[in-house]
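Have the picture open while you read.

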Amino acid sequence: MSEQLKLIVEQLNKDPFKKMFNLITFDSLEPMQLLQILNDVLAEIDPKQALDIREEMPEQTIKRMCALLGMLKYKPPSNLSDVSVFRQGLVAGKKPVVHPILHWLLQRVPELKKRAYLARFLVKLEVPIEFLQDDVINDTSHQYEELVEGFKTYHKECELLRTSGFSTAEIRRDISAMEEEKDQLIKRLERLKKRVESVSNHQRMLEQARQLRVEKEREESLTHQKQEQKNQLFQAEQRLQRSQQQWKDLRQAAADANPESLMKRLEEEIKINSYMVSEKLPKEQEGMRRTVQYLQKIASEPAMGQADLQEQEDKIKEVDSQINQLIEKRMMRNDPMDDKLTLYRQQASIIIRRKESKAEELQEAREELAAAERELRQRSSQAQASDGGEVIRGDELKRLVVKLRGKGTVYKKQRQEIAELKAEYGVLQRTEEILKQRHETVQQKLQTVEAEKGISGYSNTQEELERVSAIKSELDEKKGRTLDDMSEMVKKLNSMIVEKKSALAPIIKELRSLRQRCQELSQEYDEKKAQYESCAAGLESNRSKLEQVCLFSHSRWNTITEMQIQRAAEEMKAYVCSQKLREKQKMVRESHSANMEQMKMWRDLEQLMECKKQCFIKAQSQCVGQVIQEGEGHRLVL
């Protein structure tokens, strides 16, 4: 919670808010002030929210804030998932409700600005179906949807242009620079032409210069082709060397091998491949199939609530207890035949696990080999397709090795220095911990002494007083400077007033003649105003009639939408109830047979007890003596 408050205060103290809060002042804000800060943050995201909440009804404020938060896709914390509780907390300006909203908003202001901007154009208006029967409204709705789609495409293109790294200002600067260079080149060519025209046989010399340029370009292309051919020759020599080495390796392998070893190797490979195909891969495939089926089953089922999860946990615990009971029964049985077979079973399970682990290792090794071969082919193709950089030869390789050794020694020295710095840092850290412990013990002793003397909290109070006195001295200095500034400002204002009076004297004389003209114009204005008011009254009556029509249609649309929402809520409730009833029906069907057997057993037990009761009554009526129960036995008294 403290980290959350720190982030909120830090962000509010930055641009564009500049609130100058600290943790204490922010935590001591009133609910109305806290709601105003939240409204200011929302206004930074959406400028339409820039209002003073004191001039607005609380219901309208909360409705406006909730609508914007819903548009921004804000999700309340888990302890405030109930909408009514969240709205009540927001109306009251409670800190557990407002602080998480501020923390979430201030972390992603640029992203939310973009989302609020896009929502103005992308939020689709929900028009009732009965209104769409009108052709004009239907055409307008289709035009609106087309405009929304067009806005999406234009916005995507604009974002691509922004992220592509090109800017119009840079392109314009480049174009202007290129135009300047072009003008300079044209002027330079003109000067050169004027200088050349004075030379005799300048046409012949220009032709020879043109031929020289062509020959130089041809020479450059030939040198480039020569370099390419050298690179191709070097690559061909490398391929030849690799092929010769492979040929030597194959000859050595063929010389050392015999038909028996080859057959044995092939048989081992066949066994490994047959095991992989017949046992390992089918098991993996079956496991993946079961996993997919399980995931599909989970995806097809409805979302589980807390009660369903608790029920599943109870079932898991019940199954675990049954498994433990079966294990205990099996251990108590102690079948000697099973004891003899246990050793072989363990050995077989160990061999199977080893076999599976070796197969997995083999599979991983094959995958690594295939990846290495792909990388080798890719590198070789890149080397063939490249322009053929210079290949490191013997002398250059030696120089590179010497350079790397020098760097290695420098690296070792620096690593040793880093180790020494780390050791010193550890010593300093330990020293800091010791000093902190001593400081804590001193503080504890000081607190105990203050408690014994009856002045607990004296040191903290002293520090607070020193801080307050420092702040007071700063404020006094500011006040003194402010008073000096105000006195200087008063002097300046007095001098300015005198200057203005002297400057306004001729203007006042002109003003007197203008006042008469103003009276004439005011009479004319009153006449025009009366005409305007009569016209405005007629227009106002027409506007009020149109407003009544609009209000009637709006109220009708609201009632229709509320009825549709209520109908959808009722259907949702009915669907949820039907789901619960189906689950109860399924449980009853599953436990029906067991419950019927239990009922039958209870009936049999009732009949048996009734029969015993009848037999006991008959025995008492037929017996002459009296049966007396003593302890665990019975005694007959005649």
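Helices here are DSSP runs of H or I with at least four residues, numbered from the N terminus. Keep in mind that this is a predicted model.

**Charged pairs**

With that in hand, find helix H10, which covers residues 202-256. Arg210 and Glu207 both sit in helix H10, three residues apart, and that is about one turn of the helix. Their side chains meet in a salt bridge, with 2.7 Å from N to O. Side chains of opposite charge can pair when their charged atoms come close.

Now hop over to helix H8, residues 135-163. Lys152 and Glu149 are both in this helix, again three residues apart, or about one turn. Their side chains form a salt bridge as well, at 3.7 Å from N to O. Lys152 is partly exposed, with 33% relative accessible area, and Glu149 counts as partly exposed at 41%.

One more pair to look up is Glu10 with Lys14, a salt bridge whose closest N and O atoms are 3.8 Å apart. Glu10 has a relative accessible area of 44%, so it is partly exposed; Lys14, at 40%, is partly exposed as well.

| Salt bridge | N to O distance |
|---|---|
| Arg210 and Glu207 | 2.7 Å |
| Lys152 and Glu149 | 3.7 Å |
| Glu10 and Lys14 | 3.8 Å |

How many salt bridges does the structure hold? The count is 13.

**The nonpolar core**

Time to head inside. In soluble globular proteins, nonpolar side chains tend to be buried together. The largest nonpolar core in this model has 34 residues. Leu12, Phe26, Leu38, Leu90, Ile101 and Leu105 have the most contacts inside it. Several helices each supply at least two residues of this core, among them helix H1 (2-13), helix H3 (31-45) and helix H7 (109-122).

Which residues does Ile101 touch, leaving aside its neighbours within four places in sequence? Ile101 is in contact with Leu38, Leu69, Tyr74, Phe86 and Leu90.

Definitions and conventions:
Residues are numbered from 1 along each chain as its sequence is written. This is a predicted model: local features need pLDDT of at least 70, side-chain atom pairs count only at pLDDT 80 or more; totals for chains, interfaces and linings use all residues. Side-chain values use heavy atoms; hydrogens and water are left out. A nonpolar core is a set of buried Ala, Val, Leu, Ile, Met, Phe, Trp, Tyr and Cys residues joined through side-chain atoms within 4.5 Å. Buried means under 20% relative accessible area, exposed over 50%, partly exposed in between (1.4 Å probe, protein chains only). Contact means heavy atoms within 4.5 Å. A salt bridge is a side-chain nitrogen of Lys or Arg within 4 Å of a carboxyl oxygen of Asp or Glu.
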